[in-house]
Each structure stands twice: as C-alpha cells, then as structure tokens.
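Please find below a colleague's note on the model displayed here.

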Amino acid sequence: MIKVFQILEEEKQEAVIVARKDERAQIVENLIKAGVDTLMIMKGTGLTKEEIEEIRNSMLTTK
C-alpha cells in the first residue's frame, strides 16, 4: 500500500513540474507579445536564450 502512495506522490510532483513549465511558457509568450527584450526575459524567468527562442518559434508555428 505504501508503494501505491509513493507512486501517486511521484505522479503528483511530476504534474506540478509540468504545470509550472506550462505557466512559465505562458509568461514568456506574454512578455514576447509585449515586446520585452530577450535578455530581460532571461533575467526575469531564468530561462536560457535557446529556451526562449524555442517558445518564440512555437508561437509562430501554432498561429
């Protein structure tokens, strides 16, 4: 029974990580749309330039 609770806790933690990543991506999208400089986005979010560019590219391909 303890193993089941461990698995559920791990899945919960994984879901939280995914949700935070999605939230961070949404924030970056909003900053890009607002015209914020990539360097400022990097400083504010802790993401790398490559991660920001990946989000920017995904914005272009989903429209």
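1. Helix 1 (2-33) and helix 3 each contribute at least two residues to the lining of the largest pocket, where helices are DSSP runs (H or I, at least four residues) numbered from the N terminus. Helix 1 gives the largest share of this lining, 4 residues. The model is predicted, so local features need pLDDT of at least 70 and side-chain atom pairs pLDDT 80 or more, while totals for chains, interfaces and linings use all residues. Residues are numbered from 1 along each chain as its sequence is written, and side-chain values use heavy atoms, without hydrogens and water.

2. The volume of the largest pocket is about 220 Å³. A pocket is an open set of points on a 1 Å grid over the protein atoms alone, where a 1.4 Å probe fits, with protein on both sides within 12 Å along at least five of seven lines; lining residues have an atom within 4 Å of a point. The lining residues are Arg-20, Lys-21, Arg-24, Ala-25, Leu-47, Glu-51, Glu-54 and Ile-55. By class, 3 are nonpolar, none polar and 5 charged; Ala, Val, Leu, Ile, Met, Phe, Trp, Tyr, Cys and Pro count as nonpolar, Asp, Glu, Lys and Arg as charged, and the others, Gly among them, as polar.

3. Helix 1 and helix 3 pack at an angle of about 75°, their axes 10 Å apart. Axes are lines fitted to C-alpha atoms over the stretch in contact, and angles run from 0 to 180 degrees between N-to-C directions. These two helices are therefore roughly perpendicular to each other (65 to 115 degrees). In contact (heavy atoms within 4.5 Å) are Ala-25, Val-28, Glu-29, Ile-32 and Lys-33 of helix 1 with Ile-52, Ile-55, Arg-56 and Met-59 of helix 3.

4. The axes of helix 2 (residues 38-45) and helix 3 (residues 49-62) come within 10 Å and cross at roughly 110°. Helix 2 and helix 3 are therefore also roughly perpendicular.

Methods
Parallel < 35°, antiparallel > 145°, perpendicular 65-115°, else oblique. Points joined across faces, edges and corners; volume = space filled by probe spheres on them.
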